[in-house]
Amino acid sequence: MSDSDLPATGLTPERIRSWLVERVAYYAKLPAEEIDADVPLAHYGLDSVYAFALCGDIEDMLGLAVEPVLLWDVDTVTALTAHLAELATA
């Protein structure tokens with residue numbers, strides 16, 4: 001799945017989660033297989049700079065505007081997926 005596939009194919013929780021894992025892996029410079037969706041994003045060294053970048057990615061790819069503080073409020077891929085899936089269906 002490429003980034004450009006997301007808007008065209010729908011924003012299912014599974015697709016959002018997979019995309020988020022790929023983005024976190026990219027920013028953490030780790031293979032996606034090493035990203036545990038239930039581990040806080042800070043564990044992977046994602047600081048405020050990465051939070052802004054990831055929020056920009058979310059807006060660009062998913063069409064959802066979110067504030068960087070969200071990444072500390074819902075600080076795992078699993079929690080972020082649930083939140084974004086809810087926003088996508090609202």
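Residues are numbered from 1 along each chain as its sequence is written, and side-chain values use heavy atoms, with hydrogens and water left out. Because the model is predicted, local features need pLDDT of at least 70 and side-chain atom pairs count only at pLDDT 80 or more, whereas totals for chains, interfaces and linings use all residues.

The protein chain contains five helices and zero strands. Helices are DSSP runs of H or I with at least four residues, strands are runs of E with at least two, and both are numbered from the N terminus. Along the sequence the pattern reads α-α-α-α-α. The radius of gyration is 12 Å, close to the 12 Å that the globule rule gives for 90 residues, so the chain is as compact as a globular protein of that length. This radius is taken over C-alpha atoms, and the rule is 2.2 Å times the number of residues to the power 0.38. Along the principal axes, the C-alpha atoms fill a box of roughly 30 × 25 × 20 Å. Of the 90 residues, 37% are buried. Buried means under 20% relative accessible area, exposed over 50%, and partly exposed in between (1.4 Å probe, protein chains only). Among contacts (heavy atoms within 4.5 Å) between residues at least 6 apart in sequence, 50% join residues at least 24 apart.

The largest nonpolar core has 27 residues. Such a core is a set of buried Ala, Val, Leu, Ile, Met, Phe, Trp, Tyr and Cys residues joined through side-chain atoms within 4.5 Å. Leu-20, Val-24, Ile-58, Leu-80 and Leu-84 have the most contacts inside this core. At least two core residues come from each of α2, α3, α4 and α5. Helix α2 gives the most, with eight residues. Leaving aside residues up to four places away in sequence, Leu-20 touches Leu-54, Ile-58, Val-77, Leu-80, Thr-81 and Leu-84.

Helix α5 spans residues 77-89. Its 13 residues reach 18 Å from first C-alpha to last, close to the 18 Å expected at 1.5 Å a residue. The expected span is 1.5 Å times one less than the number of residues. Val-77, Leu-80, Thr-81, Leu-84 and Ala-85 are the buried residues of α5. Seen down the helix axis, these residues fall within an arc of 135°, so they line one face of α5. The arc is that of the directions from the helix axis to the C-beta atoms. An α-helix has 3.6 residues a turn, so residues three or four places apart point the same way. The cover over the buried residues of α5 includes α2 (13-28), α3 (48-62) and α4 (70-73). Exposed Glu-86 and Thr-89 sit on the face turned away from the buried side.

Two aromatic pairs are present. Rings of Phe, Tyr and Trp (its six-membered ring) pair if their centres lie within 6.5 Å; planes under 30 degrees apart count as stacked, over 60 as edge-to-face and the rest as tilted. Tyr-26 and Tyr-27 pair edge-to-face, at 5.1 Å centre to centre and 70° between the planes. Tyr-26 is exposed at 54% relative accessibility, while Tyr-27 is buried at 14%. Tyr-27 and Tyr-50 form a tilted pair, at 5.5 Å and 50°. Tyr-27 lies in α2 and Tyr-50 in α3, so this pair ties together parts 23 residues apart in sequence. Tyr-50 is partly exposed, at 25%. Tyr-26, Tyr-27 and Tyr-50 form one aromatic cluster.
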